[in-house]
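Subject: Handover of a structure and its findings

Dear colleague,

Please find the structure below, handed over for your files.

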Amino acid sequence: MHELALCQSIVEIVEEEARRRSFSQVRSICLEIGALSHVAPEAIRFCFAVVATRTIAEGAAVRIIECPGVAWCMTCSKSVEIARRDECCPRCGSYQLQVTAGEEMRVKELEIE
(Lines give C-alpha, C1' and ligand atoms only; values in the text may rest on other atoms or scores of the structure.)
Protein backbone atom coordinates (compact mmCIF):
# COMPACT_ATOMS: atom_id res chain seq x y z
CA MET A 1 0.00 0.00 0.00
CA HIS A 2 1.86 3.07 -1.23
CA GLU A 3 -0.65 5.35 0.51
CA LEU A 4 1.21 4.73 3.78
CA ALA A 5 4.43 6.14 2.31
CA LEU A 6 2.51 9.04 0.80
CA CYS A 7 1.02 9.88 4.19
CA GLN A 8 4.46 9.77 5.78
CA SER A 9 5.57 12.33 3.19
CA ILE A 10 2.53 14.50 3.92
CA VAL A 11 3.37 14.52 7.63
CA GLU A 12 6.97 15.46 6.78
CA ILE A 13 5.70 18.37 4.66
CA VAL A 14 3.46 19.52 7.53
CA GLU A 15 6.30 19.28 10.06
CA GLU A 16 8.64 21.25 7.79
CA GLU A 17 6.00 23.97 7.39
CA ALA A 18 5.54 24.01 11.19
CA ARG A 19 9.27 24.65 11.63
CA ARG A 20 9.25 27.39 9.00
CA ARG A 21 6.08 29.14 10.19
CA SER A 22 6.15 28.32 13.91
CA PHE A 23 2.79 26.65 14.43
CA SER A 24 2.15 23.86 16.89
CA GLN A 25 -0.95 22.01 15.74
CA VAL A 26 -2.76 21.19 12.51
CA ARG A 27 -6.55 21.13 12.70
CA SER A 28 -7.20 20.04 9.13
CA ILE A 29 -5.41 19.29 5.93
CA CYS A 30 -6.81 19.60 2.42
CA LEU A 31 -5.36 17.37 -0.29
CA GLU A 32 -5.91 17.41 -4.03
CA ILE A 33 -5.82 13.93 -5.53
CA GLY A 34 -6.09 13.34 -9.25
CA ALA A 35 -8.32 10.61 -10.67
CA LEU A 36 -5.33 9.18 -12.57
CA SER A 37 -2.91 9.23 -9.62
CA HIS A 38 -3.58 5.65 -8.49
CA VAL A 39 -4.15 6.93 -4.96
CA ALA A 40 -7.20 5.69 -3.03
CA PRO A 41 -8.73 8.57 -1.01
CA GLU A 42 -10.14 6.24 1.68
CA ALA A 43 -6.75 4.58 2.12
CA ILE A 44 -5.18 8.04 2.51
CA ARG A 45 -7.68 8.92 5.26
CA PHE A 46 -6.98 5.67 7.11
CA CYS A 47 -3.20 5.77 6.71
CA PHE A 48 -2.97 9.45 7.61
CA ALA A 49 -4.68 8.83 10.96
CA VAL A 50 -2.12 6.11 11.71
CA VAL A 51 0.96 8.00 10.51
CA ALA A 52 -0.03 11.28 12.17
CA THR A 53 -0.19 9.71 15.64
CA ARG A 54 2.11 11.59 18.06
CA THR A 55 2.85 14.34 15.53
CA ILE A 56 1.53 17.89 15.21
CA ALA A 57 -0.99 16.50 12.72
CA GLU A 58 -2.54 14.02 15.15
CA GLY A 59 -6.33 14.28 15.03
CA ALA A 60 -6.33 16.56 12.00
CA ALA A 61 -9.33 16.24 9.71
CA VAL A 62 -8.43 15.21 6.17
CA ARG A 63 -10.42 16.82 3.37
CA ILE A 64 -9.84 15.48 -0.13
CA ILE A 65 -10.64 17.23 -3.38
CA GLU A 66 -10.75 14.70 -6.18
CA CYS A 67 -9.55 16.22 -9.44
CA PRO A 68 -10.70 14.75 -12.76
CA GLY A 69 -8.39 13.22 -15.31
CA VAL A 70 -7.98 15.40 -18.38
CA ALA A 71 -6.34 14.56 -21.69
CA TRP A 72 -5.68 16.24 -25.01
CA CYS A 73 -7.06 14.27 -27.94
CA MET A 74 -4.60 14.40 -30.81
CA THR A 75 -7.29 13.35 -33.29
CA CYS A 76 -10.06 15.86 -32.58
CA SER A 77 -7.81 18.51 -30.95
CA LYS A 78 -9.99 18.84 -27.85
CA SER A 79 -9.34 18.66 -24.13
CA VAL A 80 -11.51 15.86 -22.69
CA GLU A 81 -12.21 14.45 -19.25
CA ILE A 82 -11.24 10.82 -18.67
CA ALA A 83 -11.58 8.53 -15.67
CA ARG A 84 -8.85 6.03 -16.66
CA ARG A 85 -5.76 6.08 -18.83
CA ASP A 86 -7.03 3.32 -21.13
CA GLU A 87 -10.20 5.18 -22.13
CA CYS A 88 -10.88 6.43 -25.60
CA CYS A 89 -11.79 10.01 -26.39
CA PRO A 90 -15.44 10.54 -25.44
CA ARG A 91 -15.86 12.86 -28.46
CA CYS A 92 -14.30 10.92 -31.34
CA GLY A 93 -13.35 7.46 -29.99
CA SER A 94 -9.63 7.87 -30.61
CA TYR A 95 -7.08 6.35 -28.23
CA GLN A 96 -4.47 8.99 -29.10
CA LEU A 97 -4.74 10.88 -25.82
CA GLN A 98 -2.06 12.82 -23.97
CA VAL A 99 -2.80 13.17 -20.24
CA THR A 100 -2.65 16.82 -19.14
CA ALA A 101 -4.15 16.68 -15.63
CA GLY A 102 -5.31 14.25 -12.98
CA GLU A 103 -2.03 12.62 -11.96
CA GLU A 104 -1.34 15.06 -9.13
CA MET A 105 -1.45 14.71 -5.41
CA ARG A 106 -0.67 17.81 -3.40
CA VAL A 107 -1.20 19.45 -0.05
CA LYS A 108 -3.51 22.31 -0.96
CA GLU A 109 -4.02 23.93 2.45
CA LEU A 110 -3.57 23.54 6.18
CA GLU A 111 -5.72 24.86 8.98
CA ILE A 112 -3.37 25.48 11.89
CA GLU A 113 -3.31 26.68 15.50
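A residue is called exposed when its relative accessible area is over 50%, buried when that area is under 20%, and partly exposed in between, using a 1.4 Å probe and protein chains only. Helices (DSSP runs of H or I, at least four residues) and strands (runs of E, at least two) are numbered from the N terminus.

This is a predicted model, in which local features need pLDDT of at least 70 and side-chain atom pairs count only at pLDDT 80 or more, while totals for chains, interfaces and linings use all residues. Residues are numbered from 1 along each chain as its sequence is written, and side-chain values use heavy atoms, with hydrogens and water left out.

The overall chain

The protein chain holds two helices and six strands, and their order from the N terminus is α-β-α-β-β-β-β-β. The radius of gyration, taken over C-alpha atoms, is 17 Å, well over the 13 Å that the globule rule (2.2 Å times the number of residues to the power 0.38) gives for 113 residues, so the chain is more spread out than a compact globule. Along the principal axes, its C-alpha atoms fill a box of roughly 50 × 25 × 15 Å.

Of the 113 residues, 39% are buried. Contact here means heavy atoms within 4.5 Å. Among the contacts with a separation of 6 or more, 70% are between residues 24 or more positions apart.

Helix α2

Helix α2 covers residues 41–51, and its buried residues are P41, A43, I44, C47, F48 and V51. Seen down the helix axis, these fall within an arc of 145°, so they line one face of α2; the arc is that of the directions from the axis to the C-beta atoms. The face turned away from the buried side carries the exposed residues E42 and F46. On the buried side, the packing partners are α1 (2–21), β1 (26–34), β2 (61–67) and β6 (105–112).

Three individual residues

A18 lies in helix α1 and, at 10% relative accessibility, counts as buried. Apart from neighbours within four places in sequence, A18 is in contact with F23 and I56. The C-alpha atoms of A18 and I112 are separated by 9.1 Å, although these residues are 94 residues apart along the chain.

The loop between β4 (78–82) and β5 (97–101) contains R85, which counts as partly exposed at 46% relative accessibility. R85 touches L36, V99 and E103, not counting residues up to four places away in sequence. Between the C-alpha atoms of R85 and S37, 48 residues apart along the chain, the separation is 10 Å.

C89 is also found in the loop between β4 and β5. At 2% relative accessibility, C89 counts as buried. With residues up to four places away in sequence not counted, C89 touches C73, C76, V80, S94 and L97. C89 and C73 are 16 residues apart along the chain, and their C-alpha atoms are separated by 6.5 Å.
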